[in-house]
Amino acid sequence: MVRRVLAGAAVAALLLAGCGIPDDSDVTVVGPGPSTGISSGEGGLRSRITRDSTSDRLQFVANYLRAAAGEYDGALDRVKQFMATSTRDGFNPPAAPRVIRLTDKPLVNSTEDRVEISYQLLGTLGKNGLLEPSPELVEDKYELVLGEVAGEGLYVVQAPPFLLLSDTAVTEYYNERTIYFWNTDRTGLVPDVRYLLREVPIEQEPTIILNWLIGGPAPWIQDAVEPLPDGTKLENKVPAIDEDRLQIKLSAQAVPTEGAVEAMERLRMQLQWSLRRLLPDYLDLTVGHQQPRSYSGQDFISSNPAYRLVPDPERYVIYDRTVRRLVEAARPTSDAVPGLAPEDNKDVSRAALSTSATHLFAALVTGSGKNERLRVGSAGLGGRVGLREIPGLTAGLGTPVWAITPDNDVTGAVGLIVSGGRLWRFRAQGGPVQEVSAPGTSGQITAITVAPDGHRVALVVGGRLYRAVLNLSGDGLALTGLQQVFSPLTSVTAVDFSGEGWLAVAGVSRGGRTSMIYTSIDGVLQDSVLQDMGNDVVTYLTSYPANPMVKPNSDGSVLFSTSNGRNAFEALSSPVQIAAKDLAGPTGEPRPEVVPEAPFFLN
């Protein structure tokens, strides 16, 4: 996984030569084109959720929880259409719909008018397409009172004072759209997930997305990114694509006078990534009274670190206290482990390997019990890593992760590890650890993962899932923008990024069984990985994220370990245990007590 800060993101040729991806790599770049699922004039969705479309009370309640989906300013009127006249007059909710997940089937009785809705509050869906999570966990019940008029059907007589929108309605009526902002170092783009109504004509999408960008980033990532300059405005609506050209006109403030050439390059790459699903052959960009500049081709993709994610990542495990590579169909069966000398590859319990365009970074947890140690180092690609011990950590170390691995400058590399329920930062060149402050957390941190952009993180604290950003200032490092993410799991044990805006999460379901899911980074959308894993706890998982140019966000690869002994599994249609026969190179005589464990990817 490319969890790093890129240097010189605008220089495509340099970046394409890095990260060990050869010119004949099987990475496939998917060309631009219209977004699937949306076409001009697709406006018939709304007709399916009118008040009189059903006489079934359960379906009527489901339709009521869909009614707020649609054009933002019309949500109140659509919901009021479900209400009796006397109820409409006193119904004045906040404008932003509350997105809820039903935690049980609505309690509907044909002989009673009251309907009980058990729910979990996920957050509010704003006009800017942003799902803003609830500031705290809310699980409660709403009550609807229904009435029926002969010949006219069902009405809502009494309702909670909010616009309610079910998470299933978000899935039905909205598409994810990712917009991008430059990180504060101006070395790479950071994703920002929004929701766009499916029935919006495709001709209107660029204008909506441009206005989202102008409105600024989501609050939780604002410490990690740069908004567009103050005063940036869209000059009129973006016209429909004509002769394979998308024409955008922005006010002069969009590009500052100082460093204008570099700023213009960053702006057009930011727009190209944010509009990538819609891009024709040419983007014509006009800023102020300047002449239009025309851009084509794929050179913009290098500005997003996730483009470097490969389709077939190398997989490793710990076997007999050594790092071992798994056999991959696309590679030779050599058992060589990059960067590690045989004398260093011993007594290992957990490990992390990561590459930049120029260097390999290694972090090994060695020893056991009170003698556990973290040893780290770096080397140029093809070289041997010189490992140094990191002092200051107590026993019971977690799995290390490389957060930032810059090109050329190994002194800027940052790794993270959990120890004693707290989060610590280490450097590739060694030296003492520093605690990463995490204001707003309550409980022990048990897992940490970093997104491909190197700035957004997900973590597990006290069995709950959170998202935040790494805020590096001076010699300190802190987690800021901390927000809880409400997944369908009642308790979370492990997490990793499976895509730019998705997470692979394991924990306990409401039925008390272990489950593994993909979830959007705001907790609204889900897809099952392993629905019922029994009672065995997933203690650790790792996912290699999907490249946004190639695969959907939720289509990552997942390896994991459980509490039922030392082991390693791959999550396919069912858990598949990784065995000694899956290792590259010789394994010696089989020993039942020695099995692969602690799996990880070369990131």
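Is Arg 566 buried or exposed, and what is its relative accessibility? Arg 566 counts as exposed because its relative accessibility is 54%, where exposed means over 50% relative accessible area, buried under 20% and partly exposed in between, with a 1.4 Å probe and protein chains only. The model described here is predicted, so local features need pLDDT of at least 70 and side-chain atom pairs count only at pLDDT 80 or more, whereas totals for chains, interfaces and linings use all residues. Residues are numbered from 1 along each chain as its sequence is written, and side-chain values use heavy atoms, with hydrogens and water left out.

Arg 566 forms a salt bridge with Glu 597, the closest N and O atoms lying 2.7 Å apart; a salt bridge is taken as a side-chain nitrogen of Lys or Arg within 4 Å of a carboxyl oxygen of Asp or Glu. Because Arg 566 lies in the loop between strand E31 (557–562) and strand E32 (569–571), and Glu 597 in strand E34 (residues 597–601), the pair ties together parts that are 31 residues apart in sequence; helices (H or I, at least four residues) and strands (E, at least two) are DSSP runs numbered from the N terminus.

The structure holds 25 salt bridges. In one of them, Arg 510 pairs with Glu 139, with 2.8 Å between the closest N and O atoms, and this pair links distant parts of the chain, since Arg 510 is in the loop between strand E27 (502–508) and strand E28 (514–520) while Glu 139 is in strand E4 (residues 139–149), 371 residues away. Both partners are partly exposed, Arg 510 at 38% relative accessibility and Glu 139 with a relative accessible area of 42%. A further salt bridge joins Arg 456 to Asp 453, at 2.7 Å between the closest N and O atoms, and both of these residues are buried.

The largest nonpolar core has 113 residues, and Ile 248 and Met 516 have the most contacts inside it; such a core is a set of buried Ala, Val, Leu, Ile, Met, Phe, Trp, Tyr and Cys residues joined through side-chain atoms within 4.5 Å. Leaving aside neighbours within four places in sequence, Met 516 is in contact (heavy atoms within 4.5 Å) with residues including Val 505, Leu 530, Met 533 and Phe 560. Apart from this core lies another, of 20 residues, among them Leu 416, Val 436, Ile 445 and Tyr 466.

A search of the whole structure finds eleven aromatic pairs, defined by rings of Phe, Tyr and Trp (its six-membered ring) whose centres lie within 6.5 Å, with planes under 30 degrees apart counted as stacked, over 60 as edge-to-face and the rest as tilted. The rings of Trp 273 and Phe 300 have centres 5.9 Å apart and planes at 80°, so this pair is edge-to-face, and both residues are buried. Tyr 316 and Phe 600 form a stacked pair, at 5.5 Å centre to centre and 15° between the planes, which links strand E12 with strand E34 across 284 residues. Tyr 316 counts as buried at 0% relative accessibility, and Phe 600 is likewise buried, with a relative accessible area of 3%.
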